[in-house]
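Please examine the sequence and the structure before reading each solution.

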Protein chains: 2
Amino acid sequence: MAQSPLIQRLLDELERLPGIGPKSAQRIAYWLLNTDENQARRLAESIVEVKQNIHFCRNCFNYAQADVCPICADASRDQTAIAVVAEPRDIVAIERTGSYHGLYHVLGGALSPMDGIGPEQLTITELMGRLVDSGLQEVILATSPNVEGETTAVYLARMIAPLGIRTTRLASGLPVGGDLEFADEVTLGRAFDDRHEFS
Amino acid sequence: MAQSPLIQRLLDELERLPGIGPKSAQRIAYWLLNTDENQARRLAESIVEVKQNIHFCRNCFNYAQADVCPICADASRDQTAIAVVAEPRDIVAIERTGSYHGLYHVLGGALSPMDGIGPEQLTITELMGRLVDSGLQEVILATSPNVEGETTAVYLARMIAPLGIRTTRLASGLPVGGDLEFADEVTLGRAFDDRHEFS
């Protein structure tokens, strides 16, 4: 349609965001046009400041505002366990469960030879550095249960084995609240393989 | 979770946007963290520039970057019809249909005594000014088919009647592609009332 160029530009930028299609972009753009200027400015500033001030934690490669991320800086966390994840957003998902109180290590991706991502592209050297001569009692390989994630977990498990640290993998199975009939056959098969005593 | 304060602030700002819940905000924030700085900056600038440079068209009260909006500025549009809508976003929806090539007038809302919105809060005086002694042949009351929209349409139809300009209302009925059994009874009733010869 005959849209003002600045509005069209905003729509184009909004549509680049993940999960935002033309209709959502339209809705957000018109909401921004309608909202008070301070609110819109706060959002814009917030985007710029995050880009300027957030970098990788020098310890675990999570996003951090200071030298180390809030989790590494928190002395009350369990210092004997480390969960290895592909991306910082995986930490958010795990933290949300409230099931884990240890440390993390962000790989920065998962092994994917097809996409040119080998061990050198990930923070595996840094992970091994953290594991050697550490007081760690468990490394949880918390990569996704897909081809890349499994490959990465298998690779890491072999690297870590000589260190003699207990190495675990997240359980696969039926999603809680899900319907058995809608589960794919691989997941359902895994749920059978990994079945446990009724408790 | 223990999130860096700047990231938490961005999440809070994103969650204020319409249709963006905590999970979408998370997804967008981490996408922004991951994307190159220019891309993020372009979005931020775009938001600020829209707020600084977009105002209401002095003619129809659509959003405009210049004195008048692109539709009012387009001499090839049908100058004999005017569609009256509640909000600028309604123009976008109508333009998307490609069914209408006339002018618009944005009321800035719909009559809603409960919310303190009376005729003075809307651009009705300005609309009447555009209609008197104009070459207009049709006013299409394109307010929403809800209580406020209908009230507004009835009110406007009475105001416009003395001018002797043809005044029409958008048709109500079953949504195209919708299922008859899922239509609410008012809509289905309206579709019966307004049935037409099979053509």
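## Exercise 1: the sheet of chain A

In chain A, four strands make up an open sheet with parallel pairing, in the order S4-S3-S5-S6. Strands here are DSSP runs (E, at least two residues) and helices are DSSP runs (H or I, at least four residues), both numbered from the N terminus; two strands pair if DSSP finds at least two bridges between them. The model is predicted: local features need pLDDT of at least 70, side-chain atom pairs count only at pLDDT 80 or more, and totals for chains, interfaces and linings use all residues. Residues are numbered from 1 along each chain as its sequence is written, chains are lettered from A and ligands numbered from 1 in the order in which they are written, and side-chain values use heavy atoms, with hydrogens and water left out.

**Solution.** 

1. Strand S3 (residues 81-85) of chain A pairs with S4(A) in the parallel sense over four bridges. Within S4(A), Tyr104(A) stands opposite Ala83(A).
2. Helix H5 (residues 88-97) of chain A lies across S3 and S4 of chain A and runs at about 155° to S4(A). Such angles run from 0 to 180 degrees between N-to-C directions, with axes fitted to C-alpha atoms, for helices over the stretch in contact.

## Exercise 2: the interface of chains A and B

**Task.** State how many residues each chain gives to the contact, and what area is buried.

**Solution.** 

1. Chain A and chain B each bring 55 residues to the contact.
2. The buried area (accessible area, 1.4 Å probe, lost on putting two parts together, summed over both) is about 5400 Å², and carbon and sulfur atoms give 67% of this area. Leu6(B), Lys51(B) and Tyr63(B) supply 13% of the area that chain B buries against chain A, more than any other three residues.
3. Six salt bridges cross the interface, a salt bridge being a side-chain nitrogen of Lys or Arg within 4 Å of a carboxyl oxygen of Asp or Glu. One of them joins Arg9(B) and Glu45(A) (4.0 Å, N to O).

Key. Contact = heavy atoms within 4.5 Å.
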